[in-house]
Amino acid sequence: MNVEETGTTRVAVIGAGLVGATFAYALMISGLVSEIVLVDADHERAVGEAMDLSHGVPFVRNVQVWAGDYDDVRDADITVITAGANQKPGETRLDLVKRNLAILRDIIARVTASENRGIIVVVANPVDVLAYAAWKLSGLPAGRVIGSGTILDTARFRHHIGRHFRVDPRSVHAYIVGEHGDSEVALWSSANIGNVPLEQFEAYDEAALAQIFEETRTAAYQIINRKRATYYAIGLGVTRLVEAILHDQRSVLSVSTLVQGEYGVEGIYLSLPCVVGAGGVLARLSPPISSDEIAGLHASAGVLRATLAEVGLVRDG
């Protein structure tokens, strides 16, 4: 699945709410694809979003944008699932699981019935739980069902580090792993700027770093309390993920995938640095991390496993 080797490239967006529409907008501006189809239970909402986006096509690379149905998903190279109940102020991502799992079951049944064999990207929350469910329900290889995971948390982390050390965040190399949520883990032990460990910088301060992680971990709550939803940054993040897939870039991104023994964790979806290309997740990386970080990752995995068990997706323990 390579843009240079194929003609039409289609991305289907399931869910035309704030996240889905913003992702479609970012994708349209990127020029990565030739077709974007919006599918939503509220078809008129999808029609309105598609109309609004289409009116901007004269300003960007030509792309067809329309509101469709699951017949249009059949030929999609990538299906991005953003549909789900909104996270409310004071509500954790894991609180959403039962409501959004029911929605996801219906979506995956319809995508499967359409005989689509492309890659599925799950963005709806709680993303790790729903990505695991999408893998189980779809019958696709795990590498072809990807959760957006901590791709956004990692971007927030790098932004805050760059701001503190007064460098371009694109020159910051640091990852958030584990759950996309409260139990996420910052990999401070491998964080660096231009291959220089953070502690070698004059601005290094442990209290400041603790604050950076707290701002990263609670960013969604802060934004939701102020504007009710987050959508710009995740729209860009998923566009970056789609780019890595369509162009077979083999980029290292912190996406949610099925872990198979890394750091002693197995059989659930959570985020690790992964090599992402045309086949989806091509490899999971296991950078050297501290014993405290390993303990944190195990705790995060425990939170997710408990939630999966609660909704009957895995056996407890």
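1. The backbone oxygen of Thr-150 lies 3.1 Å from a polar atom of the Ser-254 side chain. In this predicted model, the Ser-254 side chain also makes a polar contact with the side chain of Thr-154, at 2.9 Å. Ser-254 itself belongs to strand 12, which spans residues 251-260. With a relative accessible area of 3%, Ser-254 is buried, since the cut-off for that class is under 20%. Leaving out residues up to four places away in sequence, Ser-254 touches Ser-148, Gly-149, Thr-150, Ile-151 and Thr-154, together with Tyr-175, Ile-176, Ser-271, Leu-272 and Pro-273.

2. Asn-100 has a relative accessible area of 2% and is buried. Asn-100 is found in helix 4, residues 97-113. Apart from neighbours within four places in sequence, Asn-100 is in contact with Gly-84, Ala-85, Asn-125 and Leu-130.

3. The largest pocket has a volume of about 820 Å³. Its lining consists of 39 residues, of which Thr-82, Ala-83, Gly-84, Ala-85 and Asn-86 are the closest to the centre. Helix 1 (18-30), helix 4, helix 6 and helix 8 are the elements that give two or more residues to this lining. Helix 4 provides the largest share, five residues. Two of the residues listed as closest to the pocket centre, Gly-84 and Ala-85, are also contacts of Asn-100.

4. Helix 8, which contributes to the pocket lining, covers residues 219-227 and has Ala-219, Ala-220, Tyr-221 and Ile-224 as its buried residues. Against which helices do the buried residues of helix 8 pack? They pack against helix 6 (151-165) and helix 7 (206-217). Just after helix 8, Arg-228 adopts a positive phi of about 80 degrees.

5. The salt bridges come to a count of twelve. Side chains of opposite charge can pair when their charged atoms come close. One of the pairs is Glu-49 with Arg-45, whose closest N and O atoms are 3.1 Å apart. Both residues are in helix 2 (residues 43-54) and stand four residues apart, so that about one helical turn separates them. How accessible is Glu-49, buried or exposed? Glu-49 is buried, at a relative accessible area of 18%, because the class takes values under 20%. Arg-45, at 35%, is partly exposed.

6. Two further salt bridges may be set side by side. Arg-170 and Asp-168 meet through their side chains at 2.9 Å, N to O. Arg-170 counts as exposed with a relative accessibility of 72%, while Asp-168 counts as partly exposed at 33%. Asp-248 and Arg-250 also meet in a salt bridge, with an N to O distance of 3.9 Å. That value lies within the 4 Å cut-off, and the pair is therefore counted. Asp-248 is partly exposed at 27% relative accessibility, and Arg-250 is exposed, with a relative accessible area of 53%.

7. Salt bridges also link Asp-182, Glu-214 and Arg-217 in a network. Helix 7 (206-217) is the element against which buried residues of helix 8 pack, along with helix 6.

8. An open sheet is formed by three strands in the order 7-10-11, with antiparallel pairing. Strand 7 (172-173) and strand 11 (196-197) are its edge strands, each pairing on one side only. Strands of a sheet pair through backbone hydrogen bonds, either parallel or antiparallel. Strand 10, residues 192-193, pairs with strand 11 in the antiparallel sense over two bridges. Within this arrangement, Asn-192 stands opposite Pro-197 of strand 11.

9. Where is Gly-143 placed? Gly-143 is in the loop between helix 5 (127-138) and strand 6 (145-147). Not counting residues up to four places away in sequence, Gly-143 touches Gly-279, Gly-280 and Val-281. The C-alpha atoms of Gly-143 and Arg-110 are separated by 20 Å, the two residues being 33 residues apart along the chain.

Methods. Residues numbered from 1 in each chain as written. Predicted model: local features only at pLDDT ≥ 70, side-chain atom pairs only at ≥ 80, totals over all residues. Heavy atoms only, no water. Buried < 20%, exposed > 50% of the residue type's maximum accessible area, 1.4 Å probe, protein only. Contact = heavy atoms within 4.5 Å. Polar contact = N/O pair within 3.5 Å; in protein donor to acceptor, adjacent residues only side chain to side chain. Pairing = 2+ DSSP bridges. 1 Å grid on protein atoms, 1.4 Å probe; cavity = no way out; pocket = protein on both sides within 12 Å on 5 of 7 lines; lining within 4 Å. Points joined across faces, edges and corners; volume = space filled by probe spheres on them.
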